[in-house]
Protein chains: 2
Amino acid sequence: MKSVNLKRLAQELNLSVATVSRALNDRYDISQATKDRVRELAAKLNYEPNPYASSLRRQRSGTIGVVVPEIANHFFSLAINGIEEVARLNHYHVLIYLTHEDYQRELDIVRLLAGGRVDGVLLSAASTSYTDTHLEMLRERGIPLVFFDRVHQAPDNAQITTDDYESGYKATRHLLDVGCRSVAHLTIAPTLSISRRRMQGYIDALLDGGLRYDPSLVLHAQGRREQDVEMIQDLLHQRPGVDGIFAAVESLAVGTYEACRVLNRRIPHDVRVIGFSNLEIAALLDPPLTTITQPAYAIGKEAAKVLFKAVLKNVPVSSGHSLELKSELFIRESTFPAPKLVKSA
Amino acid sequence: MKSVNLKRLAQELNLSVATVSRALNDRYDISQATKDRVRELAAKLNYEPNPYASSLRRQRSGTIGVVVPEIANHFFSLAINGIEEVARLNHYHVLIYLTHEDYQRELDIVRLLAGGRVDGVLLSAASTSYTDTHLEMLRERGIPLVFFDRVHQAPDNAQITTDDYESGYKATRHLLDVGCRSVAHLTIAPTLSISRRRMQGYIDALLDGGLRYDPSLVLHAQGRREQDVEMIQDLLHQRPGVDGIFAAVESLAVGTYEACRVLNRRIPHDVRVIGFSNLEIAALLDPPLTTITQPAYAIGKEAAKVLFKAVLKNVPVSSGHSLELKSELFIRESTFPAPKLVKSA
């Protein structure tokens, strides 16, 4: 590496390395003229301080880590955009890690981050994640951690989430309002915070609507596209009375569309569909999909803001920093009431 | 930071720091028994070597940088998944940087990376990027660089791209084959390699099809959703004869759908639409969208493989490593020939 280092700057300027270093760090004991000379040459030669040497000196890496299940997903890509915006304003780098919904990988990543590569961590749990012992490691090392969206139930964590219970309730209630009498719920790992809350909203809305909660109408997907679509086909086939589907995640709403296509079931006439989704083109689907849409970008931003408070101002992260943002219901054709149902209502 | 460092391991084991370090690095002069003792305690205490200290020693950061215009885009999120897979197999970290299509930001990022934070860089150029002087910096510092998809025309660069010219030709040819006689082309920055190649394919297919090339039917979008949709509306309004649209990027195919909806133009009856897209749900749109689909995941993987050859085996990156992968045409309803056109053909 023919890098421009302090030594080379010092040689060219006929100064000592220490003087050059102090000039670049704006120390009081260096004259303005010298500072100007050093900075001019540093700019000309594109000098960048060695980040690892600086990190060792400052005990700061200038980097935060973001751990997410996947990025080929609108929620996470929008949330990362929000995080990245805040990081940029703080002159910080963002290291992105993908767990691919694998607890073991999440564990490995957290262990590695606990080694001091980052100054703080933002994490959204993998669907197979079931303990938070690995997160204790970060705490022990004094590396602040903020959860977003998919959270662990450890005490005194800062968690930026959305109103999952209320949204699950609202989604189910909406299906009942448009005439559904047998509503299935498609969701992911039951251990996950968001799954539990959305499902509790589903159950309570059913009961408040005078319906029975039938656990056999709740299906847990594996996150493998083809199998999930088959699972939905089986449901629609074996339970022909199902007239409404509430999907807890975007991929399962899309999977429901695919399953209905295969079985020639019409949406909304035969079955009405609502799903959590940040799909920008939900309105261009056939039919346009009714969604519960999370403020993904804002979640990322808020989580990053809390983290930077901890990182830069040494404010310890605590549950007092937790925030719950509101999701929004967008009603589209996939839950339009069928004409006869409107009449009978 | 209450971190577990070499010193603490040494104290607990009653060994010297040097011995502990050599044991962890599997040096020949340390007995197997000592290595076992050291490793056992290191595992128990979740010891992780200080990455910055290791980096300084090894002159390796164990990290690669990926610079992309955005991630809320299926092409890039899939490509990053491919990159991340290869990095993981090589026990490397992936730092992701977003330029948001801003040349200045791309410049800042590259300057920063040239400072030695990463061992190699994968880059897909911002649409406003017009010179590659900033990339010279990486070369000067001996940091290997591999371009993917959106490339700069510097000599001796390794570039992993797709057959953009052939795909642009194929897309336009397909529109002519289904009866279109006035085909507009929607694209992004004309300075961008992918734009130029796709557009040249468009022009040649028109000429080969016996049609005239009309530059006023080529529109360059700004990448701002609402303005882009308005631009397409203006085109459809002012040029009612346009019966085919070839969108060079996904967002412009989606924008065409939105514009057609506003103007009540039917796809494919009034206007046929084809677009480059990695949208998984292209088949669920109304109507299903005909696409040219790039092998995004494979592009990411191949680019990362070339980079790791350079990083780990000190093979200099050169144009000899360049690869061109093939995109695929998926014909769907948005380009179905209208019945009367089939008869007249």
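## Chain A at a glance

How much of chain A counts as buried? Of its 345 residues, 48% do. Keep in mind that this is a predicted model. Chain A is built from 13 helices and 12 strands.

Now for the overall shape. A compact globule of 345 residues would have a radius of gyration near 20 Å, whereas chain A comes out at 26 Å. The C-alpha trace spans about 90 × 40 × 30 Å along the principal axes of chain A. Take the contacts in chain A between residues at least 6 apart in sequence: 73% of these join residues at least 24 apart.

## How chain A is divided

Chain A splits into three pieces: domain 1 covers 6–49, domain 2 covers 61–161 + 296–325, and domain 3 covers 164–295 + 329–344. Taken over C-alpha atoms, the centres of domain 1 and domain 2 of chain A are 37 Å apart.

## Two buried residues in chain A

Start with I83(A), which sits in helix α5 (residues 74–89) of chain A. Is I83(A) buried or exposed? It is buried, with 28 other C-beta atoms within 10 Å; the cut-off for that label is 20 or more. Leaving aside residues up to four places away in sequence, I83(A) touches V66(A), V94(A), L122(A), G300(A), A303(A) and A304(A). Y297(A) is 214 residues away from I83(A) along the chain, yet their C-alpha atoms are separated by 7.8 Å.

Next comes A189(A), in the loop between β6 (183–187) and α9 (193–208) of chain A. A189(A) has 21 C-beta neighbours inside 10 Å, so it counts as buried too. With residues up to four places away in sequence set aside, A189(A) touches S127(A), T128(A), S195(A) and H220(A). H91(A) is another matter: it lies 98 residues from A189(A) along the chain, and 36 Å separate their C-alpha atoms.

## Strand β6 of chain B

Over in chain B, look at strand β6 (residues 183–187). Why is β6(B) described as largely enclosed by the rest of the structure? Because five of its five residues are buried. Both faces are covered, with V183(B), H185(B) and T187(B) buried on one side and A184(B) and L186(B) buried on the other.

β6(B) has parallel partners to look at. With strand β8 (residues 244–247) of chain B it pairs over four bridges, in the parallel sense, and L186(B) has A247(B) as its bridge partner there. Strand β7 (residues 218–220) of chain B also runs parallel to β6(B), joined to it by three bridges; here T187(B) stands opposite H220(B).

## Helix α7 of chain B

Which residues of helix α7 (residues 133–140) of chain B are buried? L135(B), M137(B) and L138(B) are. These residues cover an arc of only 135° around the axis, so they lie on the same side of α7(B).

The cover over the buried residues of α7(B) includes α6 (103–117), β3 (120–123) and β4 (145–148) of chain B. After α7(B) comes G142(B), with a positive phi near 75°.

How values were computed
Residues numbered from 1 in each chain as written. Chains lettered and ligands numbered in written order. Predicted model: local features only at pLDDT ≥ 70, side-chain atom pairs only at ≥ 80, totals over all residues. Rg over C-alpha atoms; globule rule 2.2 N^0.38 Å. Buried ≥ 20, exposed ≤ 12 C-beta atoms within 10 Å, placed from the backbone. Contact = placed C-beta atoms within 7 Å. Pairing = 2+ DSSP bridges. Domains from an automatic or database assignment. Arc of directions from axis to C-beta.
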